[in-house]
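Please read each point beside the model shown below.

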Amino acid sequence: MLIENFRPGTLERWGLGWDELSSVNPGLVMLRISGYGQTGPFRDLPGFGAIGEAMGGLRHLTGEPGRVPVRCGISIGDTLAALHGTIGILTALYHRKVNGGKGQVIDVALNEAVFNVMESLIPEYSAFGAVREAAGSALPGIAPSNAYRCSDGYVLIAGNGDSIFKRLMQTIGRDDLGAAPDLADNAGRVARADELDRAIEAWTLTQPVQHILESLGAAGVPAGKVYTAQDIAEDPHYRARDMILSQTTRDGYEVEVPGVVPKLLGTPGTVRSSAPGLGDDTDDVLRELGYSTQDIAALRGRKVVA
């Protein structure tokens with residue numbers, strides 16, 4: 001298996017393209033991640049994850065209506081490309097196993113990986129000419145579902161199910177809204193979404209997050225605190241599910257890292273070693289491939305490996 005993320009054509013110029021490599025190893029599975037894919041009019045353009053987020057449609061939807069599109073806070077374009085690449089590799093390996101051992105190329109474009117998680121963005125436009133717009137913290141077409149200010153932070157409340165909505169209104173002391181005939185279904189609530197948000201926030205502003213979560217939890221209304229890194233690190237649920245792990249770096253420092261997702265109950269994953277520095281594992285990998293100490297030294301002397 002080979003993974004590369006050069007601009008299309010780079011490996012070919014080095015004599016290491018698919019045709020050359022697969023002729024030596026017909027079972028090779030080759031993942032190629034690039035800005036816009038290996039074909040098409042944009043294939044030769046440079047691209048990063050942020051550009052993929054923009055051209056995949058995500059950045060248009062992030063932020064407040066009428067304001068400059070904002071970054072979602074993490075390099076989600078790179079992460080989505082990696083996940084799609086992983087799915088492609090697993091599919092290709094399985095295909096190789098059951099269909100005679102032949103490998104293939106997996107072509108992942110950053111913008112397409114983002115576009116692939118954009119829900120019904122294109123069907124909405126194709127069927128109705130509707131262009132989805134930024135909606136801030138709200139969930140468009142669903143009400144009430146939003147982030148609300150509290151006396152000491154923010155809370156996310158999803159009160160959009162019909163029965164959930166009634167329990168939410170009862171909890172915040174607005175039985176009048178819970179009993180209103182025109183608010184009995186989502187369509188009616190969407191028409192009065194701003195009013196509902198104001199009513200909910202009038203309640204949340206007077207209370208701390210923890211009290212709100214306890215009240216809504218008792219009522220069976222989905223809600224959650226908007227967590228910071230500190231909140232996650234101190235959360236007992238994350239700890240109970242081994243989602244915060246302690247690790248010793250190769251420099252001897254203790255650091256906490258995320259746990260393993262997904263959790264396979266039959267063959268659970270582990271973090272087997274700390275992250276290497278450049279070249280830390282080169283000798284071990286090459287020895288597994290049959291290279292001698294002298295061979296490795298020669299490669300290093302020619303600056304083929306780090």
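1. In the protein, 57% of the contacts with a separation of 6 or more are made by residues 24 or more positions apart, where contact means heavy atoms within 4.5 Å. This is a predicted model, in which local features need pLDDT of at least 70 and side-chain atom pairs count only at pLDDT 80 or more, whereas totals for chains, interfaces and linings use all residues. Residues are numbered from 1 along each chain as its sequence is written, and side-chain values use heavy atoms, with hydrogens and water left out.

2. The secondary structure comes to 15 helices and 8 strands, taken as DSSP runs numbered from the N terminus (H or I of at least four residues for helices, E of at least two for strands). The radius of gyration of the protein is 26 Å, well over the 19 Å that the globule rule gives for 306 residues, so the protein is more spread out than a compact globule. That radius is taken over C-alpha atoms, and the rule is 2.2 Å times the number of residues to the power 0.38. The C-alpha trace spans about 80 × 50 × 40 Å along its principal axes.

3. As for the surface, 31% of the 306 residues count as buried, which here means under 20% relative accessible area, with exposed set at over 50% and partly exposed in between (1.4 Å probe, protein chains only). The protein exposes about 19,100 Å², of which carbon and sulfur atoms supply 57%; the areas come from the Shrake-Rupley method with a 1.4 Å probe.

4. The mean positions of the 28 positive and 37 negative charges are 4 Å apart. Lys and Arg count as positive and Asp and Glu as negative, while His and the chain ends are not counted; each charge is placed at NZ of Lys, CZ of Arg, CG of Asp or CD of Glu.

5. R59, in the loop between α3 (49–55) and α4, is buried because its relative accessible area is 18%, and its side chain makes a polar contact with the side chain of E53 at 2.9 Å. A polar contact is a pair of N or O atoms within 3.5 Å; within protein, one must be able to donate a hydrogen and the other to accept it, and residues adjacent in sequence count only if both atoms are side-chain atoms. Leaving aside neighbours within four places in sequence, R59 touches residues including P69, V70 and R71. D231, in helix α12 (residues 229–234), counts as buried at 17% relative accessibility, and a polar atom of its side chain lies 2.9 Å from the backbone nitrogen of T228.

6. Which residues does a cis peptide bond join, with omega about -10°? They are A143 and P144, and P144 lies in the loop between α6 (121–128) and β4 (145–149). The bond from V261 to P262 is also cis, with omega near 0°, and P262 is in the loop between β8 (254–258) and α14 (282–288). Most residues other than glycine have a negative phi, and most peptide bonds are trans.

7. E119 has phi near 55° and is exposed, with a relative accessible area of 68%, in the loop between α5 (110–115) and α6. K303 has phi of about 60° and is exposed at 72%, in the segment after α15 (293–301).
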